[in-house]
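Please look at the sequence and the structure first.

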Amino acid sequence: MLLGILIWAVAAITAALFLARSWFPAAISEHARAFDTQFHLTLAMTGAMFLLAQLLLGIAILRARRRTKAEYSEGNTRWEIAWTLATAALFLGAMAWSTPVFTAVHLGRPRPGALRVEALAKQFSWNFRYPGPDGRYARLDLKQINDAGGNPFGADERDSAGKDDIVTAALRIPAGRDVELILRGRDVIHNFFVRELRLKQDVVPGMLIPLRFRADVPGTYEVACSELCGLGHHLMRTVVIVMPPGEFAAWERDAQAQLRQE
Amino acid sequence: MLGRIFSTDHKVIGKQYYFLGLASVLIGLALSVFMRLHLIYPDQKVKLFEWLWPVGAAGGIMTPELYLSIMTMHGTLMVFFVLTTVPQGGFGNYFLPIQIGASDMAFPRLNALSFWITLTALLVLLGAFFAPGGAPLGGWTAYPPLSAVGQIAGPGQGDGMDMWILSVALFSIASLLTSINFIATVIELRVPGMTLDRMPLTVWAWFTTAIISLLAFAVLLAAGLLLLLDRWGGTSFFLPAGLVVSDRALNHSGGSPLLWQHLFWFFGHPEVYIAILPGMGLVSTILSVNARRPVFGYKAMVGAMLTIAFLGFAVWGHHMFISGMSPYSAIAFSVLTLTVGVPSAIKTFNWLGTLWGGRLRLNVAMLFALGFVSVFVAGGITGVFLGQPAMDLYLHDTYFVVGHFHLIMGVAAVFAMFAGTYYWFPKMFGRMMNETLGKIHFYITFLGVYGIFVPMHVAGLAGNPRRYPDFKEFEFLSDLTWIHTFISHSSFTVAAAQLLFLFNLFWSLWRGARASVNPWEATTLEWSVPSPPPHDNFGGAAVTVVRGAYEFSVPGRESDFAMQAGEGTP
Amino acid sequence: MSATARTLPARVAATGAMLASGAMVTLFSALASALVIRRGLGGDWTAVALPDVVWLNTAVLAASGVAVEKRRWGAAALLGTVFLAGQATAWRSFTADLASGPAAAFFYVLTGVHGVHVLGGVAALLVNWKRAAPGSVAAMRIYWHTLGGLWMVVLCLLLWARG
């Protein structure tokens with residue numbers, strides 16, 4: 001008897017906890033808002049199924065001793081077919097409904113004028129490089145990797161395409177413009193995760209994986225490594241700084257000027 | 001004495017597996033308590049940590065690498081030596097032959113060999129704690145390159161990682177031998193009258209699980225071999241060119257870290273079903289016995305199990321939505337994943353159908369079976385989020401996932417093991433367990449696990465990554481401290497409640513009331529023989545089976561249950 | 001009554017051998033799919049020549065299969081041992097070492113894993129040398145012919161993987 005009531009209580013508290021507040025940080029992109037909509041749709045559907053199942057289970061327990069003898073039944077084919085079809089429709093419907101949210105990220109093409117940036121993940125830090133006005137990166141030479149000397153990518157010093165490459169520890173991007181981030185790793189698997197963008201992508205050594213997004217709310221957002229990468233996994237933090245376009249252009253100009261001075 | 005230890009009697013081997021699993025679960029539980037303690041008091045000096053790990057916790061403060069190796073060992077112990085071992089190796093070994101009327105497994109010596117290999121695997125795994133550098137820190141999934149490049153990737157990734165691979169390989173071999181034995185036993189040794197449609201759902205579950213194991217562990221073995229060669233032989237199966245680890249350039253080329261993930265999850269996803277199917281079979285039986293009603297939709301239950309086993313091999317890619325795998329594959333895996341949710345839902349509805357209109361006997365085994373249904377729903381329904389690649393873009397590797405798989409694969413399976421213990425203890429040891437202690441144990445555990453794993457979901461919604469030794473580096477994580485404090489205290493409560501179980505178990509072994517042949521008025525064959533059963537189970541008597549496994553409250557019959565075993569023609 | 005002295009239907013051992021074969025086929029399928037995927041990654045796949053002795057070994061293994069059919073357990077075990085010795089020769093005469101490239105690595109993995117299973121088969125044949133239990137005849141045939149079939153698969157994979 002007690003169990004029936006406890007099951008209801010636990011189910012109610014679970015539902016209340018999920019709905020107590022919005023657990024997500026504010027969304028800062030079209031994709032993030034589409035994600036939130038899809039999440040809440042799925043939450044409504046699964047939440048209803050969860051509560052219904054726990055409700056029925058509780059009722060079954062509370063009625064435990066109402067009868068003197070159990071009622072004989074081996075099943076009910078009609079009911080079984082009905083709930084099979086209903087769950088199949090709901091589950092696959094949710095999946096079909098959410099597919100565009102995924103494909104927009106991974107199959108969409110960046111619009112012309114997208115900002116290209118390369119990210120490098122290594123135990124246990126992040127670096128980013130911008131190709132500069134020439135639009136080309138320096139070619140890489142592993143032997144020239146020098147973290148202390150400011151060359152984590154191992155850019156070939158002899159390659160003139162690298163003269164205007166900016167290398168940074170934080171990712172600065174302009175608001176309202178498409179970004180194509182190419183993820184590159186050099187030791188173990190890491191993961192680039194920005195909560196506010198609702199995006200997460202593994203960084204796999206040996207692969208160059210593109211991630212496309214457009215943030216539209218200026219601010220500073222934390223990047224947390226989300227694939228176990230070793231003893232400093234929990235320290236592998238950087239930030240995405242989304243800047244108003246004007247400020248971003250000014251930052252780029254300053255950085256180029258600084259490069260020329262060096 | 002030696003004859004008893006190295007026995008080929010399936011009942012002895014079943015008990016050996018059970019106690020091996022019990023030892024493993026206690027170590028695994030202790031490790032999880034250490035983790036939860038460290039997570040909420042990362043700077044607290046703990047004497048016990050220093051005593052256990054003089055290097056890893058010098059001064060009583062757990063290093064991040066120690067935390068990660070404890071986490072890796074917790075996962076490996078629980079997945080292999082508890083969730084795979086107890087339901088199948090323990091209960092399956094003990095009761096499968098009896099439930100089909102056989103006097104032993106098809107290959108008794110092979111059965112004993114499986115157990116001793118499993119024990120060796122466990123000792124090798126625990127030995128990793130004592131290896132130079134300690135136990136591996138790469139998680140139970142052992143993703144390369146972290147797992148493949150040796151100590152330069154982290155302490156524990158040297159000798160400790162080798163021991164881990166060796167242990168898992170030994171475990172795989174033992175599981176393959178066990179599976180061969182289980183399948184052959186069900187196919188060949190059923191007594192007359194034990195037709196497929198009369199088999200208890202437990203037997204169906206062990207049988208299906210053995211088929212899954214046979215295929216899955218062979219693949220894990222292959223993957224482990226290739227990983228060892230990458231580590232020792234200089235090959236490049238999983239290692240690409242251009243690796244620079246700890247400032248050292250490595251001489252590998254052309255391999256793919258994703259290849260490991262494909263092979264691993266081809267095993268790893270079916271492994272989830274290896275852990276849960278025997279529990280599903282047992283819960284179906286216990287609900288039916290204690291509701292005094294036949295299992296609702298027996299054929300659908302069998303069909304759902306077989307469908308799960310079949311589809312279970314086609315959904316591994318849902319662990320890799322954000323791995324860099326082709327987005328088209330992701331969509332295909334997503335469709336299959338949500339499809340495999342349907343047979344699980346069917347089972348849930350059929351359990352409710354079994355209870356509806358029953359007259360329930362709320363003994364401890366029944367409470368745990370009902371608790372199983374509740375946590376199975378709670379843990380399963382969140383799979384509908386994780387099965388959508390779009391949702392996984394945010395939720396992957398957060399505490400949402402930790403909450404999800406612990407409820408569905410960990411807690412649900414453990415509830416089934418508790419249910420199995422309270423249900424079968426009288427048969428295995430000839431004595432009853434204490435029901436009052438059992439009920440206290442159940443209620444604390446039931447509320448406690450919800451208190452642990454539901455808050456984990458919302459921490460995950462807030463973006464909390466898993467496998468972090470502390471949450472100090474990130475601003476957004478400092479807001480979630482109160483959730484982790486709550487989770488940790490719930491986990492301490494649950495862990496303490498298990499002492500009640502241990503006390504009940506061992507006290508009842510020697511002091512419990514004598515058990516009758518059939519204390520639960522159940523119908524399957526094990527309840528027709530003495531408690532505990534004699535050496536060859538049926539005392540040489542010819543057994544025949546005359547009816548299905550769940551004939552309860554059949555109209556027109558005097559007794560509300562009818563035994564499967566009977567005289568005359570089957 | 002000891003468990004081993006029980007009289008079991010003769011087909012139990014055969015069923016066990018079928019299941020063991022199933023596990024072996026799965027193991028080799030995993031390795032084969034790893035090979036196919038690994039080769040598909042491209043880039044560093046270098047050509048390697050298969051040692052000629054493998055053809056001789058193939059003939060020896062085929063002969064051992066015939067011996068098993070004729071229930072000449074001793075002869076089959078001997079031929080199995082010759083096969084293993086021949087495979088060892090193949091390893092020694094193989095020009096590329098394990099770390100030299102993926103084609104070479106798969107040569108060692110596939111022949112090595114196959115060899116371990118042949119070794120087990122030879123041991124089983126020796127146990128049956130004097131007297132074959134009723135069930136073990138069928139079991140031995142199943143196990144040994146699976147090994148033969150798998151060898152043909154391995155050979156095809158290696159030919160395909162040469163370059």
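This is a predicted model: local features need pLDDT of at least 70, side-chain atom pairs count only at pLDDT 80 or more; totals for chains, interfaces and linings use all residues.

Residues are numbered from 1 along each chain as its sequence is written, while chains are lettered from A and ligands numbered from 1 in the order in which they are written.

Me: What radius of gyration does chain A have?
Reply: The radius of gyration is taken over C-alpha atoms, and the globule rule is 2.2 Å times the number of residues to the power 0.38. The C-alpha atoms of chain A fill a box of roughly 90 × 40 × 35 Å along the principal axes. A compact globule of 262 residues would have a value near 18 Å, but chain A has 26 Å.

Me: Which helix gives the most to the side of domain 1 of chain A that touches domain 2 of chain A?
Reply: An automatic or database domain assignment supplies the bounds: domain 1 (2-64 + 76-106) and domain 2 (115-261) of chain A. Their centres, taken over C-alpha atoms, are separated by 37 Å. The contact (C-beta atoms, placed from the backbone, within 7 Å) takes ten residues from domain 1 and twelve residues from domain 2. With four residues, the most on the domain 1 side comes from helix α2 (residues 30-62) of chain A.

Me: Why is one side of each edge strand in the sheet of chain A left without a neighbour?
Reply: Two strands pair if DSSP finds at least two bridges between them. In chain A, five strands form an open, mixed sheet in the order β3-β2-β1-β5-β8. The strands β3 (166-168) and β8 (209-213) of chain A stand at the edges, so one side of each is left without a neighbour in the sheet, because each has a single partner strand.

Me: What is the bridge partner of A121(A) in β5(A)?
Reply: Strand β1 (residues 115-122) and strand β5 (residues 179-185) of chain A pair in the parallel sense over seven bridges. In β5(A), the partner of A121(A) is G185(A).

Me: Which chains have the most contacts between them?
Reply: In one pairing, 93 residues of chain B are in contact with 81 residues of chain A. On the chain B side, helix α10 (residues 327-355) gives the largest share, 15 residues. No contact joins chain A and chain C, whose closest C-alpha atoms lie 11 Å apart. Among the two pairs of chains that touch, the most contacts are between chains A and B.

Me: Which element gives the largest share of the side of chain B that touches chain C?
Reply: Here 34 residues of chain B are in contact with 28 residues of chain C. The elements of chain B that give two or more residues to this side are α5 (108-127), α6 (159-188), α7 (201-232) and α8 (257-291). The largest share, nine residues, comes from α7(B).
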